[in-house]
Structure formats: C-alpha cells, structure tokens
Amino acid sequence: MKTKKIISALALASACVAGTSTAFAADTKAPGTGPNPFTDCGIGAALFKDTHWAAVSSNIIWDLGTTAVTSATLSPETCSAQNVQAAQFILESYKNLAEDTAKGQGESLAAMMDIYGCQQEQAVSVISAVRADMAEQVGSANYTNQTTVEKASAYYNAVTSAAKVCAA
C-alpha cells in the first residue's frame with residue numbers, strides 16, 4: 001500500500017517537473033516564475049542539485065514532497081542552489097566560520113564569499129556587516145544556550161542579508 005502511494009506521488013512529481021510552470025510560485029511573481037518545489041527545494045535539491053530525477057525522488061520518498069512544496073510556497077528564496085550550498089557549508093563549518101568572522105579573514109570566510117559570488121571589494125563590506133551582526137548575536141545572553149544549528153541559522157541569516165550586494 002505504501003509503495004503505491006510513493007509511486008503515485010513520484011508520477012505526480014514527474015509530471016510537475018516535465019512542465020515548465022508550477023503552481024507554487026510566490027504571490028508577487030507571475031505563475032510559473034517561481035522555483036519548482038520538487039527539483040529546486042527541499043532535501044532533494046540539497047542532495048541532488050544537478051540531478052533532477054534524484055531530487056524529485058528524494059523529496060517524495062522523504063516526506064511525499066511536503067517540505068519542498070512548503071519551502072517553494074512560503075520561502076521561495078531558500079530554494080536556490082546557492083542558498084542550499086551556503087546553508088550546508090555554514091552548518092558543516094560553523095566553528096571555523098565563527099573564528100574567521102571574529103578575525104575578519106580566513107579560509108572558511110573566503111570560501112563563504114566564493115559561494116555567494118562576492119568580489120574582493122564586495123567581500124570587505126559583507127564581512128564587516130556579518131561581523132557586526134555576529135558580534136551582537138554572540139553578545140546576547142542566550143547565545144551560549146543555543147544549539148549549533150541555531151547559531152548556524154543566525155549566521156546564515158546575517159551573511160545572506162549582507163551578501164545581497166554580491167552577484168553569484
């Protein structure tokens with residue numbers, strides 16, 4: 001019975017992928033201009049950014065595509081491959097990024113700027129903004145009680161906001 005549901009969901013997702021439009025575009029955009037929830041969002045997009053059939057399969061198998069569709073509908077900006085790559089990198093190297101950010105330079109910070117496509121002159125202002133934001137975060141009373149995921153999430157928000165000046 002569960003296999004039939006998965007196969008049906010995969011068939012539906014494949015039909016959505018085959019079309020060029022999607023009904024899950026953000027309200028501010030014309031229909032069909034937003035991310036495809038099955039290939040551009042969710043865990044599938046994070047794991048298989050260049051293999052659409054695998055992204056679709058992963059999203060459907062994981063939770064029948066619910067997370068991917070929710071991401072595409074409520075926060076389409078999180079569905080880009082760049083944001084997924086950045087989030088993964090930040091989570092995996094948060095400790096090094098925090099140290100590099102405090103120093104204002106370092107390999108992890110340089111890699112982060114590369115992910116966002118920041119040129120040298122842009123990186124200086126981005127790093128400065130992220131340092132200010134993170135100094136505030138680290139100085140807050142509840143920082144030490146936060147999990148690494150919570151800290152990485154705050155870092156992600158800071159760098160994503162600051163890196164809007166960069167073109168990747």
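Q: How many aromatic pairs does the structure hold?
A: The model is predicted: local features need pLDDT of at least 70, side-chain atom pairs count only at pLDDT 80 or more, and totals for chains, interfaces and linings use all residues. Numbering starts from 1 along each chain as its sequence is written, and side-chain values use heavy atoms, with hydrogens and water left out. Rings of Phe, Tyr and Trp (its six-membered ring) pair if their centres lie within 6.5 Å, and planes under 30 degrees apart count as stacked, over 60 as edge-to-face and the rest as tilted. On this criterion, the number of aromatic pairs is 1.

Q: What is the geometry of the aromatic pair of Tyr 94 and Tyr 155?
A: A pair of aromatic rings is described by the distance of the centres and the angle of the planes. For Tyr 94 and Tyr 155, these values are 6.2 Å centre to centre and 85° between the planes. The pair is therefore, with planes over 60 degrees apart, classed as edge-to-face.

Q: How many residues apart are Tyr 94 and Tyr 155?
A: Helices (H or I, at least four residues) and strands (E, at least two) are DSSP runs, numbered from the N terminus. Tyr 94 belongs to helix α7 and Tyr 155 to helix α10. The pair links distant parts of the chain, the separation in residues being 61.

Q: Are Tyr 94 and Tyr 155 buried or exposed?
A: Buried means under 20% relative accessible area, exposed over 50%, and partly exposed in between (1.4 Å probe, protein chains only). By this definition, both Tyr 94 and Tyr 155 are buried.

Q: Why does Thr 101 count as buried?
A: Thr 101 lies in helix α7. This residue counts as buried because its relative accessibility is 4%.

Q: To which side chain does the side chain of Thr 101 make a polar contact?
A: A polar contact is a pair of N or O atoms within 3.5 Å; within protein, one must be able to donate a hydrogen and the other to accept it, and residues adjacent in sequence count only if both atoms are side-chain atoms. For Thr 101, the distance is 2.8 Å. The partner is the side chain of Tyr 155.

Q: How wide an arc do the buried residues of α8 cover around the axis?
A: In α8 (residues 107-115), Ser 108, Leu 109, Met 112, Met 113 and Ile 115 are buried. They lie on the same side of α8 because the arc they cover, taken from the directions from the helix axis to the C-beta atoms, is only 155°.

Q: Which residues are exposed on the other side of α8?
A: The helix is followed by Gly 117, whose phi is positive, near 70°. The exposed residues on the other side of α8 are Glu 107 and Asp 114.
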